[in-house]
Amino acid sequence: MKKTLIFSLSLILLFFCGCTPKVVEEQLFAFDTIIDLKIYGGEAEKAIRECENRLSEIDFEMSHFKDGSELGGINAKAGREKVPVGNEMRTVIEKALYFSKISNGAFDISILPVRDLWDFDSAHPELPNKADIDAKLPLVGYNGITLDDVGVSFAQDGMGLDLGGIAKGYAADEINRVLDECGVQNAIIDLGGNIYVKGRKNGTGDWTIGIQNPLLPRGDAFAKVAVQDCSV
């Protein structure tokens, strides 16, 4: 009877231990924001490392201000000559130009000359005056970007690309690919407010994502959505 009881208790413990998915959490800084990764499953630790490496690669190459980045090289030269681009950069620019076209320029990666007037990357960004903005507006326009089999060029010197509006979305797609390669089925990645969820929460239910009310303090959501396998 005693042996049977011990055996039964062992089975119960094994059952509950086996039903609790392993979870690994990590936080890093990339794309000028805090990124939180939460990955479930036996390959979670490997997946975390792979995700961190991939995010760092994309963050560097698509930064317009980091020395030696591919985007920095494009912005420095493409107004004077055609600049060769790698496959990844080509994919992102092509997709960005597509969204620029279908939005009739509401989304435009050539916004960098105007964006720089705010100097967001400094410790003390300032609001520019209208005259300065008007002077830079002729340098903005996705139709002035030419991308072909050779490389990318700009219609005039002084133009520049800012991939801040699309790079994190591309990164989310790449994280999904990395997680698939690592055999991960459930995860949630917070790319500074751009949320990517994979599978189910704890492997059982939908992920509930709050939509921030822009007029209220951080954390006050005006809506919530229950989702799986998508970006929000």
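**An aspartate, the cysteines and a helix**

Modeller: Please note that this is a predicted model. The side chain of Asp162 makes a polar contact with the side chain of Arg115, at 3.0 Å.

Colleague: Where is Asp162 placed?

Modeller: Asp162 lies in the loop between strand E4 (152-154) and helix H7 (167-181).

Colleague: Is Asp162 buried or exposed?

Modeller: Asp162 is buried, with a relative accessible area of 11%. Leaving aside neighbours within four places in sequence, Asp162 is in contact with His64, Ile109, Ile111, Leu112 and Arg115.

Colleague: Turning to cysteines, how many disulfides does the structure hold?

Modeller: The structure holds 0 disulfides. For Cys182, the nearest cysteine sulfur is that of Cys51, 6.7 Å away. Cys182 counts as buried, at 9% relative accessibility.

Colleague: Now H7: how many residues does H7 have, and what span does it reach?

Modeller: H7 has 15 residues and reaches 21 Å from its first C-alpha to its last, close to the 21 Å expected. Just after H7, Gly183 takes a positive phi of about 80 degrees.

Colleague: Which residues of H7 are buried, and what covers them?

Modeller: The buried residues include Ala167, Lys168, Tyr170, Glu174 and Leu179. Among the elements covering the buried residues of H7 are helix H2 (44-61), helix H4 (87-102) and strand E5 (186-191).

Conventions:
Residues numbered from 1 in each chain as written. Predicted model: local features only at pLDDT ≥ 70, side-chain atom pairs only at ≥ 80, totals over all residues. Heavy atoms only, no water. Helix = DSSP H or I, 4+ residues; strand = E, 2+ residues; numbered from the N terminus. Buried < 20%, exposed > 50% of the residue type's maximum accessible area, 1.4 Å probe, protein only. Polar contact = N/O pair within 3.5 Å; in protein donor to acceptor, adjacent residues only side chain to side chain. Contact = heavy atoms within 4.5 Å. Disulfide = S-S within 2.5 Å. Expected span 1.5 Å × (residues − 1).
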